[in-house]
Amino acid sequence: MSTIDPSKPIRMTQQNTSSATVDPVSDNRRKGVRRTVTITAAIALAFFLVSFVQIVLMK
Amino acid sequence: MTSGVIRRSFTAAAMLASALFGGAARANPTPYQLNMERGASTWSQVPYHLNNISLGVCVVIGILVFGAMFIAMFRFRKSRGAVAEKWSHNTLLEVIWTTIPVIILVVLAYLATGGLTSWADTTGSQMTVKVTGYQWKWRYDYEEYLGKPISKVGFMSKLDSQSDQTRQLDSGLDPFKVKVGDENTYLLNVDKPLVVPVDTKIRFIITGADVIHSWWVPALGWKLDAIPGIVNAAWTNIQTPGTYRGQCAELCGQDHGFMPIVVVALSKPDFAKWLAEQQAKSAPPPAAPAAAPAAASTAAAPKTAQVSAAPVADAQG
Amino acid sequence: MSHAATHDHHDDHHGAPKNFFQRWCMSTNHKDIGTLYLVFALLMFFIGGSFAMLIRAELFKPGLQLMQPYFFNQLTTMHALVMIFGAIMPAFVGLGNWMIPLMVGAPDMALPRMNNLSFWILPFAFTLLLSTLFSAGGGPAGGWTMYPPLSLQSDSLAYVVFSVHLMGISSIMGAINIIATILNMRAPGMELLKMPVFVWSWLITAFLLIAVMPVLAGAVTMLLTDKYFGTNFFNPGGGGDPVLYQHIFWFFGHPEVYIMILPAFGIISEIIPTFSRKPIFGYKAMVFAIASIAFLSFIVWAHHMFAVGLPLGAEIFFMYATMLIAVPTGVKVFNWVSTMWGGSMTFETPMLFAIAFVILFTIGGFSGLMLALVPADFQYHDTYFVVAHFHYVLVTGALFAIIAATYYWLPKWSGRMYSEFWGKMHFWNSVIWVNVLFFPQHFLGLAGMPRRIPDYNVAFANFNMVSSIGGFLFGASQLIFLGVLVHGVFFSKKKATDRVWEGAKGLEWTVPSPAPFHTFDVPPVIHDDELAHGHVND
C-alpha cells in the first residue's frame with residue numbers, strides 16, 4: 001500500500017516556505033500526493049457548488 | 001438579603017420534596033423541579049411518557065456499563081497485581097451488544113412514531129387560532145370557532161409591565177417580588193393572554209412576521225417555530241382549566257428572553273362569554289348582531305363536549 | 001533548486017532554525033506547526049472560556065445585573081464560534097499534525113508549505129471575528145448557527161462571513177494535507193489496517209471536513225449576498241426560504257459535530273489500551289464504527305430542526321437515522337470497557353481523563369438518544385436540556401479528550417514529565433466542577449428554561465446559581481492546567497524516557513523524547529510487535 005520503496009533508504013529532506021524539495025526518493029509518492037490532492041480538492045469544490053444547486057432544486 | 005436567601009432555600013427544600021414526590025399535575029415551572037411535567041393537554045403526556053421511558057432505559061444501560069467499568073477498574077488494577085490478558089476479540093459478545101441496542105431502539109422508535117403521528121394530525125379541529133411572532137411580542141387572531149368564522153378578534157400579547165420594569169438592567173427591583181397571587185410570574189406573564197376553551201381540539205396556525213420565533217407552552221407538550229413566509233400547524237386539546245405559561249424558544253434578537261406566552265384555558269361557557277365580549281368590543285356600534293353569535297356559541301357548547309370526546313380517546317389510545 | 005537542496009541539507013544537521021520569526025512564522029515542520037495549532041487553541045480556549053464566565057455571571061441570579069441582553073447574545077454567539085472553530089478544531093488539527101507523521105513513520109506532512117498557510121490563516125480569521133466585539137454595531141448576536149432573517153439584522157455579518165470563509169479554507173487545506181499524508185507517506189509495512197485508531201479517526205474526519213466545510217462556505221456566502229447584493233435565497237419577501245438555510249447549515253453542522261468527536265474517539269482508543277496494558281478490544285470494529293458514524297452523520301441533519309415544522313415523513317426518517325447512530329457509538333463504548341476488562345490498569349492523568357471521557361460522553365450520548373425521539377424533542381428542543389447535552393459531548397467529550405491527549409503526549413513533545421500531582425489536581429477539580437456546571441442544566445431544561453436567554457423566572461434560580469458556581473470553579477481549574485503545561489514544558493526537572501508510559505506501543509514511542517526536529521528521515525523498519533495493532537486479525 002505504501003508508496004515508499006524500502007529497498008532504497010534515502011534521507012528525506014525538509015522543504016521550507018521558500019522552496020520545495022526535489023524528492024529524491026520516489027516519484028510514486030509525489031504522484032500519489034498529487035492525485036490525492038486533486039481528488040480531495042475536487043470533492044470540496046463539488047460540495048461547495050452543490051450547496052447552491054440545492055437552492056435551484058428546491059424551488 | 002442573606003436571611004432572604006436562607007428563607008428561600010428552606011421553602012425551596014420543601015418544594016424539592018414536593019417536586020420529587022408530589023403526584024399532582026402541575027403545569028408551570030417550580031423551584032428545584034427535576035423532571036418534565038405531565039402537562040395539561042391530551043397529547044402532552046406523550047413526550048412526558050417518552051421522556052420517562054427513555055430516561056429509564058438510559059439509566060439501566062448506564063448502570064450496567066458504568067458498573068462493569070468500575071468493577072474492571074477495581075479488579076484489574078496493576079497495584080492489585082493484575083496481569084494483562086492478551087485477548088482482544090469476542091464475536092459472541094460483539095453480536096450481543098450490537099443486537100440488544102437495536103431491539104431497544106426499535107421499541108423506542110415504535111412508541112415515538114405513534115406519538116408523532118397523533119401530533120401531526122390536525123384534522124377535525126373545532127377552533128382555529130392564528131399565532132404570529134413579532135420582535136418581541138406575539139399576536140393572536142381568532143379565526144374560527146365551532147365552524148363559525150370569527151373576524152376582528154385579535155390582539156398583541158407582550159411582557160407585562162411589572163416584569164418589564166424589573167428586568168431592566170440595574171432596575172433595583174426584586175424579581176422575587178413579581179407575583180400574581182402566590183405564583184411568581186417574573187418574565188412569564190403578559191398584558192393580554194391567549195384565552196381558549198378546554199375540551200376543544202384547537203388548531204394553531206403559526207407564522208412569523210420578521211424573524212424566526214418559536215411558540216412554546218410546556219403544558220401543551222410541544223413547540224413549533226414561527227417562520228416568516230411559512231405557516232405551520234399544530235393542535236392541542238387542553239383538559240384542565242388553568243393558566244399555562246411558556247416562552248419564545250428560538251433566538252430572535254435582543255429581547256428573545258422577554259416575550260412570554262400565557263394561555264388561559266376556560267370552561268366552554270366561560271370562553272363563550274369571553275368571546276362574545278371581545279366580539280362586542282370590536283363590532284360596529286349597533287350591538288345587536290354581536291349578541292347572536294355569542295348566544296349561538298353558548299348553546300353549541302354541550303354538543304361540542306361530545307364531539308371532542310373522540311380525539312381525546314384517540315390520543316390516549 | 002540546487003540552492004534549496006543545500007539549504008535543506010543545512011537544516012537537516014542543525015535542527016530548528018535559530019531565528020524566532022523564521023522558526024515559527026515560516027515553519028514547514030509538522031511538529032512546530034502542531035505546536036502553533038495547540039498554543040493557538042489554548043489561547044482561544046481561554047478567550048472563549050472568559051465569554052462563558054461572563055455568561056454564567058449574568059445568569060448567576062434572576063434579573064439583569066451586568067449587561068444588556070444584546071451583549072449577552074453576542075457573548076453566547078462568540079463563545080460558540082470561538083470554542084468550536086478556534087479551540088476544539090485547531091486543537092485536533094494540532095494533535096494530528098504532531099502525531100500523524102510520527103505514528104505512520106513519515107518524515108513530515110505531505111504538503112509542509114500548505115501546512116504553514118493553513119495555520120497562519122487562523123490568527124487573522126479570529127482577529128477579524130473578535131474585532132467585531134469592539135465595533136460600533138457590536139459582534140454577531142444571532143447565535144453561532146447564524147439563522148436568517150435574524151443574522152441579516154447584524155451589522156457585523158460581513159466580518160463573520162469572511163472569517164468563517166477563512167476558517168473553512170484553513171480546515172479544508174488541513175484536511176487535504178492529512179489525507180495526503182496518511183494515504184501516501186506511510187512507512188513501508190504500515191498497512192492501513194495496522195494504523196493506530198487515532199490516525200484512522202483523523203483520516204475519516206478529514207473526509208468529513210472536505211465534504212462539509214464547503215457547504216458552510218456556500219451557506220454563509222448566500223447570507224452575504226442576501227444582505228449586501230439583493231439576492232433572495234432566504235428572504236421570504238422575495239420568494240426565498242429561511243428554512244432552506246437551516247437545511248444547508250445543518251448538512252454542514254451535523255458532520256461538524258462528528259468532526260469534533262471522532263478524533264476524540266481516536267485519542268481515547270490510544271490511551272485506554274496503553275494504561276490497561278492490553279490491546280484494544282475489536283480494533284476493526286472500532287474502525288468500522290467510526291466509519292459508519294461518519295456515514296450516518298450525513299443523513300441525520302434535520303434532527304436539529306424537528307421544531308421547524310417538517311413533513312411527518314421527514315421527521316420519522318431523521319428520527320430513525322439519528323437513533324441508529326446509537327448502535328456504532330454503543331459498540332465503541334462497550335469496546336473501551338472490554339479493553340479495560342482483564343487489563344493491568346494504572347491511573348495516570350491521561351487515563352483518568354480518558355475514563356471520565358467514557359462515562360461523561362456516554363451520559364451526553366444518553367441525552368442525545370432522548371433528544372432523537374421527536375415528540376420528546378418537541379419539549380427538549382432549544383432548552384437547557386440541549387445545552388447540557390452538547391456540553392457533555394463537547395466539554396467532557398471533545399475537550400477532555402484533548403486534555404487527555406495533551407497529558408499523554410506532552411512528555412514526548414517536551415522531553416519532560418509534567419507534575420503528576422498537579423495533573424491529578426487538575427483532573428479532580430475539572431471532573432467535579434464540570435458536573436456541578438452542566439448536570440443541573442438538564443433539570444433546568446426539563447423544567448422549561450429556554451436556552452440563549454439572559455434572564456429567567458425565579459423558579460430557575462436555584463439550579464442556575466449552582467451551575468454558575470460550578471462554571472466559575474471549572475474555569476478556575478483550567479488555570480491549574482495552564483500551570484501544569486508551563487511547568488511541564490519549561491521547568492520540570494524530571495526527564496521523560498523515550499517510551500514514557502510502560503504500556504505504550506506505536507512508532508511515536510520509538511523516537512527519542514523530546515522528539516527531535518526531524519524524525520523518520522529514513523523510513524523506519526517496522527516490527528509488528530512495536531505497533532499497537534501489528535497482529536490484528538479480528
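Me: A polar contact is a pair of N or O atoms within 3.5 Å; within protein, one atom must be able to donate a hydrogen and the other to accept it. With that settled, how many residue pairs are in polar contact between chain C and chain B?

Reply: Happy to start there, and please keep in mind that this is a predicted model. Pairs between the two chains are counted where both residues have pLDDT 80 or more. For chain C and chain B, the count of residue pairs in polar contact is 21.

Me: How much area do chain C and chain B bury between them?

Reply: The contact involves 95 residues of chain C and 95 residues of chain B. Carbon and sulfur atoms account for 71% of the buried area. The area that the two chains bury between them is about 8,100 Å².

Me: Which three residues supply more of the area that chain C buries against chain B than any other three?

Reply: Chain C and chain B bury about 8,100 Å² between them. On the chain C side, 9% of the area buried against chain B comes from one trio, more than from any other three residues. Those residues are C:Trp341, C:Phe378 and C:Gln379.

Me: Which helix gives the largest share of the side of chain C that touches chain B?

Reply: Let's begin with the 21 residue pairs in polar contact between the two chains. Several helices of chain C each supply at least two residues of the touching side, including H4 (69-104), H13 (349-372) and H17 (461-491). The largest share is nine residues, and the helix that gives it is H12(C).

Me: Is H12(C) largely enclosed or open, judging by how many of its residues are buried?

Reply: The 15 residues of H12(C) should span 21 Å at 1.5 Å a residue, and the end C-alpha atoms are 21 Å apart, which agrees. The helix is followed by C:Gly342, whose phi is positive, near 80 degrees. Since 14 of those 15 residues are buried, the rest of the structure leaves H12(C) largely enclosed.

Me: Which residues meet in the salt bridge between chain C and chain B?

Reply: Side chains of opposite charge can pair when their charged atoms come close. The count between chain C and chain B is one salt bridge. With an N to O distance of 3.0 Å, the side chains that meet are those of B:Lys78 and C:Glu502.

Me: How many residues apart in sequence are the parts tied together by B:Arg167 and B:Asp255?

Reply: B:Arg167 and B:Asp255 are both buried. Their side chains meet in a salt bridge (3.3 Å, N to O). B:Arg167 lies in the loop between H4 and E5 of chain B and B:Asp255 in the loop between E12 and E13, so the parts tied together are apart in sequence by 88 residues.

Me: B:Asp170 and C:Arg452 each have a positive phi without being glycine. Is C:Arg452 buried or exposed?

Reply: For comparison, B:Asp170 has phi near 55 degrees and counts as exposed at 59% relative accessibility. C:Arg452, with phi near 60 degrees, lies in the loop between H16 and H17 of chain C. A residue under 20% relative accessible area is buried. At 10%, C:Arg452 is therefore buried.

Key. Residues numbered from 1 in each chain as written. Chains lettered and ligands numbered in written order. Predicted model: local features only at pLDDT ≥ 70, side-chain atom pairs only at ≥ 80, totals over all residues. Heavy atoms only, no water. Contact = heavy atoms within 4.5 Å. Buried area = accessible area lost by both parts, 1.4 Å probe. Salt bridge = Lys/Arg side-chain N within 4 Å of Asp/Glu carboxyl O. Polar contact = N/O pair within 3.5 Å; in protein donor to acceptor, adjacent residues only side chain to side chain. Helix = DSSP H or I, 4+ residues; strand = E, 2+ residues; numbered from the N terminus. Expected span 1.5 Å × (residues − 1). Buried < 20%, exposed > 50% of the residue type's maximum accessible area, 1.4 Å probe, protein only.
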